[in-house]
Structures are given as C-alpha cells and as structure tokens.
Amino acid sequence: MARSAVVATYSIVACDLQAGQWGVAVQSKFLAVGSVVPWAEPQVGAVATQAWANPRYGPGGLTLLRSGKSAEEVVRALTAADEGREHRQVGVVDATGRAATFTGAECNEWAGGRTGECYAAQGNILVSGETVDALAVTFESKAHLELAERLIECLAAAQAAGGDSRGQQSAALLVVEKDAGYANLSDTVVDLSVDDHEHPIAELQRLHSLHKELFGVTPPEDWLDVDQALGVELRERLGRLGYEGELDKAFNAWAGTANLEERTEGIERIDPVVLDVLRKQSK
C-alpha cells in the first residue's frame, strides 16, 4: 500500500446548527496539520482525515455530503473505496448534525473515536482514550460558547487529558458559515493554523483572540455614540498617528490600515473595541 503522511493526532468535527456553522479543530505532532486534516462547507458538513491520512477523504467526503448522504453513509463510502482503510481515521458531521467516526484496525494505539449530537471526536497514537473523552465531554458542556471558542476549548481539554503520545507541534481551526466571512463575500469565518510551535494550542488561542479583535462583532447596543467630546478625542488621537483632515475620512483611513475596516460603520457611532485599539496606538 502506498502510504501518505502519518497524521497522528486528535481532532473534533462539529457543527452549531442554530448558528449555521460547521468546523474542525485539530492538534498533532505533525508539521502543518491544518494543511491535511480539516475540511468544511456551510450547509453541507465537515470532515477530518488523519492517521495514514487520505487527503482525498476531504473533498470526496464533502461531495458525498453535498449529494445528501448522511455522515454514516459518507464514512462507509469513503472507506469501502479505499484499500488502505485499515490505516485511516476519519470523522464526519453532516448538514443536519448527524455524526460518524471510523478508526481502521491498523491505526497505532491508542486510537479510537466517539460521536454525539453534532460532533465526531477521534484520535490516534494518543496517551489514552481519555483524550477523545475530553474532546467529547468538553464539546457537550460548552454549548454556550460560539463554535470556534468551543472547539479550541476541546483541544485544550484533550491536551490536558494526555494528548498525542509523541507530543505537540501544530494545531488548526476551521469554521465556516454561509456568507459570514470577510466582507460577507466568503464562507470562511475562521481559518487559523499554527504550523510548528512548542505550544500550538496556546498559540492558536492567541491567534483566535487577535482574530476576534479584528473581525469580531460587537452588538449594536454596545456601540458608543460619537458626541462632541468623543469626536474631539478621535481627532486628536488620529492626528497623533498622522491622519488629518475630515474626521470620517481620517478615521476610515486609519481603520483600513489597522485592519479594522470590518468593525466600522461611518463615524456617528464607534465600536468600543475599535476605540480601545485607537487609544492604545495613539498613547
């Protein structure tokens, strides 16, 4: 059998049906695990392919999901057509939240998976099955969180429970939602990868915090009215940074260079997150 890369790892494939989001989170002792394992499409489903990974399970699985097959049917179809199935591991969640996981008999111990409503958790070459249990328990207990944060919490809990027996190296997070990405012209809500790091999950958490600062959404009721006093402050702070002229033009020019254009809507009201960034930059 011609083998592909050993993606010895743990992952969770999941969805939040109320939010219309599907995603995958993964950690591994493998360089750039995000380039192989996670696949997702809004209103269709998500796939994680690992162990002696077959990367074709990703696009192939999404094609089958798009045709209306259930997660279980997708796993059966993918593995039935693959002579290397006993060395593979795959997790799938479909458009309605049904989940399935498969671990081939030849995957290195500890290897296995677990499913529940809206998630499939799996891993191989793990310290023990407690790693997968931690993925599942954490997902079930963190329903109050948005999907991206929920998945990162799952990775952290799994690592605390033992993780990959070979250690850590990379991690990735992918979350999709129809037209909810950049400028509402993309389906990718979050796509973050830590390719090589001593503590990849902690670094993934840091990157996600930065992502939220730049692209997160503050409820409209929490925005601040730009009254005369705040307008004066904005002019002064923008001036310190070299943005002169009419307030709206200066503000928009600064926001664009600060990568905060997704968090601005004119100058009558301001997102407090944006104001905090401006204050920090213009000290």
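## Starting with R237

Is R237 buried or exposed, going by its relative accessibility? In this predicted model, R237 comes out at 16% relative accessibility, so the residue counts as buried, given that the cut-off for buried is under 20%.

R237 also has a charged partner: its side chain forms a salt bridge with that of E233, at 2.8 Å from N to O. E233 is buried too, with a relative accessible area of 18%. Both sit in helix α6 (residues 228-240), four residues apart, which puts about one helical turn between them.

Where do K212 and E149 lie? Their side chains meet in a salt bridge, 2.4 Å from N to O. K212 belongs to helix α5 (residues 200-215) and E149 to helix α4 (residues 147-160), so this contact ties together parts that are 63 residues apart in sequence.

## One more pair, and the total

R263 and D271 also pair up through their side chains, with 2.9 Å from N to O. Both of these residues are buried.

How many salt bridges are there? The count for the model comes to 11. Behind such contacts is a simple idea: side chains of opposite charge can pair when their charged atoms come close.

Definitions and conventions:
Residues are numbered from 1 along each chain as its sequence is written. This is a predicted model: local features need pLDDT of at least 70, side-chain atom pairs count only at pLDDT 80 or more; totals for chains, interfaces and linings use all residues. Side-chain values use heavy atoms; hydrogens and water are left out. A salt bridge is a side-chain nitrogen of Lys or Arg within 4 Å of a carboxyl oxygen of Asp or Glu. Helices (H or I, at least four residues) and strands (E, at least two) are DSSP runs, numbered from the N terminus. Buried means under 20% relative accessible area, exposed over 50%, partly exposed in between (1.4 Å probe, protein chains only).
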